[in-house]
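Colleague: Could you walk me through this model and tell me what lies behind the labels you put on it?

Modeller: Gladly, let's open it up.

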Amino acid sequence: MSEQKIFAGPRVRRIRNQAGLTQTAMAADLGISPSYLNLIERNQRPLTVQLLLKLASVYKIDLEELQAGGDSHLPQLKEMFADPLLVGELPGDQELVEVTDAAPNVASAMLKLYRAYREGQDRLTDLSDLLAREGHETRLSGARLPVDEAREAFEKRANHFAGIEEEAEAFVKLLSPGDDLLGALKSWLRADHGIAVKVLPVATMPQWRRRYDRHSNRLFISERLSSHDQLREVAMEAALLRMRVAIDAEVAALKLSGDEARRIARFELARYAAHALMMPYQPFLTACERTQYDVDVLRSRFNVSFEQAANRLTMMQRQGTAGIPFFMLEVDHAGNRFRRAGATGYPQARFGGGCPKLPVHSVFSQPGHIAVDAVEMPDGARFLVIARTLEGPQGAFHERPRRTAMLLGCDIAHRDRVIYGTALAGPTDEPVTVPVGPACRVCERAGCLARAEPPITRPLGLDEMVTGLSAFDFG
């Protein structure tokens with residue numbers, strides 16, 4: 001029987017150190033010379049089957065501990081080095097494999113430090129939000145992904161781009177689409193740019209919503225998309241061709257630091273331009289006022305989706321002819337936030353949007369249902385909010401459909417101008433409000449049944465004799 005050679009020097013050294021033995025003592029236990037053991041620990045000699053069995057017998061260890069690689073930390077280390085702070089530091093995974101194999105305790109310590117760093121970053125973000133609500137400017141920012149930088153730039157400013165709105169109105173006038181905007185856009189693309197639009201099956205476009213093929217001069221749209229989303233994709237492509245100068249000017253005004261962040265911003269502004277084409281400013285604002293901002297009526301009148309009409313409501317802030325200043329938030333089942341915008345900037349300081357009691361989380365149990373609430377923040381600010389689920393691209397039978405939920409809100413002072421305000425009737429003229437907070441980490445509401453985390457501003461009130469309603473009671 002041939003002997004299997006295994007190089008496991010770091011693991012042998014770890015066993016020896018854990019037992020508190022010198023190389024001389026361990027060598028005596030194994031019946032080999034100290035110099036030979038030294039060569040084994042430096043991976044200059046292999047562990048034979050006989051030595052493996054001897055180690056297992058003398059030190060009562062599992063053979064798998066010696067034979068298996070020390071890669072239990074490898075996935076976490078890969079995640080750590082994908083952080084924007086560390087990305088690009090390693091050319092490949094081999095060094096990580098060597099670290100986990102040769103020094104697993106060091107790898108574990110690195111992960112602990114990284115978790116502490118992430119926790120510190122989260123706490124700084126919470127503290128920054130708290131200070132911002134109190135009117136203090138902060139500069140608490142670490143390494144950010146380009147998508148985070150772009151999102152932050154959009155969230156801080158009003159979701160209204162006057163230059164793009166003017167270009168969109170001129171484009172609509174040129175198209176004269178009547179009731180067929182899609183047909184008008186297709187004709188313009190073919191006549192002015194020689195581009196043909198074609199809808200392709202899922203099997204042909206398994207990973208894309210839209211793809212422009214420069215060689216054949218064709219724009220491909222996925223059949224996964226609803227008719228409304230197909231129209232938006234065609235409108236985005238047309239906007240990038242016709243309104244490139246206006247879009248690039250707005251991208252430059254955002255003062256983003258990198259090419260990838262600017263590319264993401266250009267995509268979002270093309271999306272904005274598409275909405276402006278599908279729902280021209282003045283006709284849409286007039287319809288809003290006449291229907292009391294009824295999103296279902298608006299989406300039917302302009303032949304758009306609920307998400308598109310609700311998103312457009314946050315853009316109605318032209319100087320001199322402004323609508324109600326709405327804001328919106330889109331999340332998925334897990335609470336991940338995809339999009340936040342507001343007519344005057346997303347009200348992060350006043351509203352937050354991270355409270356589990358907001359209806360945007362509960363509507364997942366009733367797809368398509370519109371939930372209406374009046375919510376009150378700890379500082380007394382009150383908002384009218386509505387929430388509804390949104391359907392993503394159509395999945396195949398074996399795929400899970402993508403479903404998100406949108407929350408649309410405005411100050412409670414606009415209640416009488418919005419159709420949804422009629423659902424807030426209370427026993428008096430004042431609506432019954434749901435007490436919410438910006439996020440658990442910065443909310444000091446005591447006895448909250450929905451609290452998921454302790455506040456960073458108050459010490460926990462741990463008392464063995466008293467148990468409160470929340471798992472995180474505080475003094």
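Modeller: A helix here is a DSSP run of at least four residues, numbered from the N terminus. With that in mind, Glu-165 sits in helix α10, residues 162-175. Please remember that this is a predicted model.

Colleague: Thanks! Why is Glu-165 called buried?

Modeller: Buried means under 20% relative accessible area. Glu-165 has a relative accessible area of 1%, so Glu-165 counts as buried.

Colleague: Which residues is Glu-165 in contact with, leaving aside its neighbours within four places in sequence?

Modeller: The contacts of Glu-165 are His-160, Tyr-272, Ala-276, Tyr-281, Arg-312, Met-315 and Arg-318. To count, heavy atoms have to be within 4.5 Å.

Colleague: Which residues of α13 and α14 meet?

Modeller: From α13 come Arg-244, Ile-247, Asp-248, Glu-250 and Val-251, and from α14 come Arg-262, Ala-265, Arg-266, Leu-269, Ala-270 and Ala-273. Sorted by class, this contact has six nonpolar and five charged residues, with no polar ones.

Colleague: And Pro-435: what makes it partly exposed?

Modeller: Partly exposed lies between the two limits, under 20% for buried and over 50% for exposed. Pro-435 has 38% relative accessibility, so Pro-435 counts as partly exposed. Pro-435 is found in strand β11, residues 434-435.

Colleague: How do you know that Pro-435 and Glu-376 come together in space?

Modeller: Their C-alpha atoms are 5.0 Å apart, although 59 residues separate Pro-435 and Glu-376 in sequence. Leaving aside neighbours within four places in sequence, Pro-435 is in contact with Glu-376, and also with Lys-357 and Arg-445.

Colleague: How many helices and strands does the protein have, and what share of its residues count as buried?

Modeller: There are 18 helices and eleven strands. Of the 475 residues, 43% count as buried. The accessible surface comes to about 25,000 Å², with 51% of that belonging to carbon and sulfur atoms. Among contacts with a separation of 6 or more, 59% join residues 24 or more positions apart.

Conventions: Residues numbered from 1 in each chain as written. Predicted model: local features only at pLDDT ≥ 70, side-chain atom pairs only at ≥ 80, totals over all residues. Heavy atoms only, no water. Helix = DSSP H or I, 4+ residues; strand = E, 2+ residues; numbered from the N terminus. Buried < 20%, exposed > 50% of the residue type's maximum accessible area, 1.4 Å probe, protein only. Areas by Shrake-Rupley, 256 points an atom, 1.4 Å probe, with all protein chains shown as cover. Nonpolar A, V, L, I, M, F, W, Y, C, P; charged D, E, K, R; others polar.
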